Amino acid sequence: MMMAGISFIAALIRVMACRTVGWAWPTAASWWAMPTLQASTRPASSVSIPTTPLSSPPTLLHIFAPHFFAIPLLVFHLVLVSSARADEPPAIEEAPLTAADRDHWAFQPLARPAPPAVKNASWVRTPIDSFILAGLEHENLAPQPPADRATLLRRATIDLTGLPPDPADINAFLADRSPDAWERVIDRLLASPAYGERWAQHWLDLARFAESDGFEFDKVRPDAWRYRDWVIEALNADLPYDEFVQLQIAGDELLPGDRQAAAATGFLLAGPDMPDINSQDERRHNLLNEMTAAVGSVFLGLQIGCAQCHDHKYDPISQFDFYRLRAVFETAEYFQPQPLGRVMHESASPVSTSRLMVRGDFRRPGPKVSPGFPRIANPWNDSVAPPAEEDSSGRRAALARFLTRADHPLATRVIVNRLWQHHFGRGLVTTPSDLGVMGSWPAQPPLLDWLATELPRQGWSLKRMHRLLVTSTVYQQSSRPDFLSVSSRSGTRESSDNKFLFPGERLGEGASAQPGEGPSAQPDPPNNHESPSASLSRRNWTTASAADPDNQHWWRMNRRRLDGETIRDLMLAASDNLSPRRGGPGVMPPLPDEVAATLLKGQWKISLDEEDHRRRSIYLMARRNLRYPLFEAFDRPDALLSCPQRDRSTTAPQALILLNSDFALQQARRLAGYLYARAGNDQDAQITLCYLRVLSRSPTAKELADAREFLTAGAQRLQAENRSPDELALPEPRSADADFCQSAALVQFCLAMFNANEFVYVD
Amino acid sequence: MSSISRTPDPLAGNRREFLLRAGGGLGIVALASLLDEQGLLADQTAVVDAEQRKTADPLAAKSPHFAPRAKRVIYLFLHGGPSHVDLWDPKPDLIKYAGQPLPESFGAVMTRRKVAQNPLLPPVRPFRPRGQSGLEISDFLPELSGCADDLCVLRSCHGDSVNHPQSVYQLNTGSILMGRPSLGSWISYGLGSENRDMPAFLVLPDPGGGLKGGPPAWGSGYLPSVYQGTTMRTGASPILNLRPPAGITAGDQRAMLDWLRRQNARHHAARDFDDELAARVASYELAFRMQTAAPDMVDVSAETEETKRLYGIGDKETDEFGTRCLLARRLVERGVRFVQLYSGDTNGWDAHKNVEQNHGQLCRRIDKPVAGLLADLKRRGLWDDTLVVCGGEFGRMPMSEQGKGRDHNPWGYSVWLAGGGVRGGMAYGATDPVGLRAAEQPVHVHDLHATLLHLLGLDHTRLTFFHNGRDERLTDVAGNVVHDILA
């Protein structure tokens, strides 16, 4: 027993240490490591010790019902079982909020600032432009001129739909000189179903969405796709953002019997789960805490998860705040009615008592708490209706209303900032899910507030907000220095450039694409003869990049790297192979054996229908324990925590996957096959079409020459190597009358194009 | 150490901190020369500061907090939970009370399966004192018994979960939950890599696959993805997509890369020599070099027959693990920082049914290769600064399961260390008389991690990464270095 005592003290020290720094995941399972508490000497300490048996078996309520029940399955109650604890819960005090606590910018009420006056009023197209330009003028920075038309079209098309502009769209837009050409492009893109498929991915990152549980068995959630499809359809239907939020929090309560609304609550249960964990109390505790933390970060931009073990170290969020919010979910059952998957449903059973969990340990219930909202986010003291204790329903509906108040300083700021972030590459607040004290300050507080108040005024329409952002002059700025490209060319070329000309605009040039030449955005290397306009451009760029290298003031557009999903979709689209199929269970394209081998057997069953392998990336099976290699290499988040902004790494494995993977070669072969089908054996036409499909522009003269050189030299080399058709990667389908060495060289050119920096970046 | 303890906000977009994100075995050091070669450095607008790049390169070798005992790690992970009471932790009382239930004085025991009332099962093979130290090791491991004087067996390890995936995560990341950075990622983050052609952290999974918990066990969590483990295999294609696909030769690829370089240079020049674009150019050069470097690393044909025999290569039972052990030596020899080998497929060492049969087979597979690895490290001068770690996600219960098997036991088990900075021929700490719980000088997983970092010259309280408003650590808010085992 001596040894037992020592071990116990060590464990006690560990638990006490938890008080000293930040929050911690519930590691208190180390209690188990202790020898029996009953037998050990209990040292005098202020830390309370549970005296209840440590290994209470799961109650019947927590046992899964057998699969074969056709009726909706009650998987387990989200109710507390151990309410009959005999001992006193430890006294935990909650400090009242102070004026200093409320002083932080994000907790301030929303303002509705008037767009400021600017000197260069002709630059202003939307109120957004006034805010940004006022800032630039204050800093003495000149904004960049608009990007050329081809660049703009690629930017907006990928941004809004995740797909490349079709060559026909490119030509149409270049030729369209009508005053509202740009607006019509934006409307067309927003109306495309591809819009929902693109923006749903941003939301699914936040929702830590995957189609399996994670942990050992990583069991598939066969109906998880219904939530994914709900998000896509809601976005495409332009479901107002307030309803979009409300249904995800309380769809079952707000629209009883509506299956779509119930599917929306899949958000709450989308996180990882370990159904076979020993203690179902622990499982429920983990789920509730994870759900509560996700709601806080996604909808409020507060890292309230930090408060599950003790008061937030920096933000005015107490442990009580955390468990009050958690109590909102505690009356829910977690339901698995076929065929909706994991959705929420209110319990018919009596309301349980919600408690704070001491140090986040599921075995240590503390003081009782009533359902409520984090105080710092609730200046109105909104309460969770209904007041009657015995009625369990309506808690989540109350939360849903709370999270969609038009005057909510956090909830509105957080979503408009996310919109800005995805359009401009970086949020006005650069910590999009942390508007708290440790988050960054907004670059443009008045603009953020103007946007936050504009969203409800626009009927909470996200599409109208997209339109507002994308039609701004700020959005249309060039991301690269003018003087290094356009102006460095000879005078005759300058007028043929595809600068995006706005109606009645100061440039006043009726420039249009040369027939047959198409857009050409790429410069030849700079020369020594610089025009006066180029000289000004150089000065502006140099000044701004020295004064504001990080583009804090938005004097240019940010260049963005494509994510893995978009890279894949663009490759499929370029080779004209993208399947138009939408919705349904996640599909599984082939995986390299060595990757599949890291899973349990049978966890990646390749979809039988080959067309499914060519569907948009958002429809690929999202396994929690295995990210599709191309996506993982390009920083897809792991779906274990809500991800507000993806990492953007540059690694050698990315290069290897685009150079050497079967998928990349397959698309190169198909693209080459497409080029033969459309351009025949005309080498220049093949090259031009290849540029159009991969980079959404035509090649410059120099690029054309370089590509010809590559193809010619390549074909000669293959010929000299005496390689048989079997030893070459040939177009698919094969062109009957084409020389196979030339065909193989074209495949290699297509593969190289997919590896170009320009392909994976958007200017 | 500021570059280690604090990384700037990864969400902001400035150049310098982009460079912190760039990498993946990517040599930004090589970048300046690459740009120079292209004549791109001449332009005033290109902000190229080779020194800055060097420090900003996320995988550049970094100085530890203090003088390290070891510079690199080979971690032999025995997946499934090897039985400490049958391998490393002799318990005479278990023989004495064999067949009887666990005395009530041990109290309630949390188990994975319902084995708490089952009779105690004595060690299935005898233990004997070995070497000059007399360290007791079971007859299951005759070859490793010959290395007893080199081993430091931590007999009082304990963790927090009776479940495989949670414990696999805990041993690898410190947390029983999914998604936190792994030990190898933390070490790569803290120390960088000494081989610029390869990632710092390589994982050699069991070819049987099916690790319980999956790839998150070597994930980088909230650390930049450049620090995550890269899986590597033996054979011709050791890293995914390392070789050009069928129909594309190295010559074809060189031609593509040459065109790509020209195309990217034009693109780059028109974009003010954006560092991120330049880094991507460099990543292609590195990828090309990796294609040569990696196959060379795994090519054991250059090794002598004697060396191969040392590892048991050529013998049916030991060939596979022996080859991976030899590969591990070749990798650390070439500057890879952290190599993790998994032994055991989905079931692995999970001897619920029959310890004799399960451990008999798996011990035969690893015994000679591991002993060979230790001997080879010694004779090649790698011993003093290579730390070898061997253990599973937990141990096994003193009670029997299904007669001859044992259930999971995270409350007390053994992990052994050898090599750089560790005292050999010793056992540290102890479990209770039956091997159920860590009793003397307990070493929690956090303590083990703190100790491993300490051996590498890293202070576990200072190796932090700012994430979601908190300076995160491998050891969370716990961890004590076990100083008594330091040489």
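Start with chain A: 27 helices and 7 strands. Helices are DSSP runs of H or I with at least four residues, strands are runs of E with at least two, and both are numbered from the N terminus. The model is predicted, so local features need pLDDT of at least 70, side-chain atom pairs count only at pLDDT 80 or more, and totals for chains, interfaces and linings use all residues. Residues are numbered from 1 along each chain as its sequence is written, while chains are lettered from A and ligands numbered from 1 in the order in which they are written.

**Stop 1: the two chains**

Colour by chain. Chain A has 763 residues, and 56% of them are buried. A residue is buried if 20 or more other C-beta atoms lie within 10 Å of its own, exposed if 12 or fewer, and partly exposed in between, with C-beta atoms placed from the backbone. Chain B has 487 residues, 63% of them buried. Its secondary structure comes to 15 helices and 17 strands.

Now think about contacts. Two residues are in contact if their C-beta atoms, placed from the backbone, lie within 7 Å. Take the contacts in chain A with a separation of 6 or more: 72% join residues 24 or more positions apart. For chain B, that share is 77%.

**Stop 2: A:Ala452**

Select A:Ala452, in helix 14 (residues 445-457) of chain A. Is A:Ala452 buried or exposed? It is buried, with 24 other C-beta atoms within 10 Å. Set aside its neighbours within four places in sequence, and A:Ala452 is in contact with A:Leu110, A:Thr412, A:Arg413 and A:Val416.

**Stop 3: a helix pair in chain A**

Select helix 23 (residues 662-679) and helix 24 (residues 683-695) of chain A; their axes are 9 Å apart, at an angle of about 125°. Axes are lines fitted to C-alpha atoms, for helices over the stretch in contact, and angles run from 0 to 180 degrees between N-to-C directions. The two helices are therefore oblique to each other. Angles under 35 degrees count as roughly parallel, over 145 as roughly antiparallel, 65 to 115 as roughly perpendicular and the rest as oblique.

Show side chains. Helix 23 of chain A contributes A:Leu671, A:Leu675, A:Arg678 and A:Ala679 to the contact. Among the residues from helix 24 of chain A are A:Leu689 and A:Cys690.

**Stop 4: across the chains**

Select helix 22 (residues 652-660) of chain A and helix 11 of chain B. Their axes come within 8 Å and cross at roughly 75°. These helices are therefore roughly perpendicular to each other. Residues in the contact include A:Leu656 and A:Leu659 on one side, and B:Leu286 and B:Met290 on the other.

**Stop 5: helix 13 of chain B**

Select helix 13 (residues 319-333) of chain B. Its 15 residues reach 21 Å from first C-alpha to last, close to the 21 Å expected at 1.5 Å a residue. The expected span is 1.5 Å times one less than the number of residues.

How many residues of helix 13 of chain B are buried? The count is 11 of the 15, so the helix is largely enclosed by the rest of the structure. B:Phe321, B:Leu326 and B:Val332 are among those buried. What covers them includes helix 11 (275-298) and helix 14 (355-379) of chain B.

Finish just after helix 13 of chain B, where B:Gly335 takes a positive phi of about 95°.
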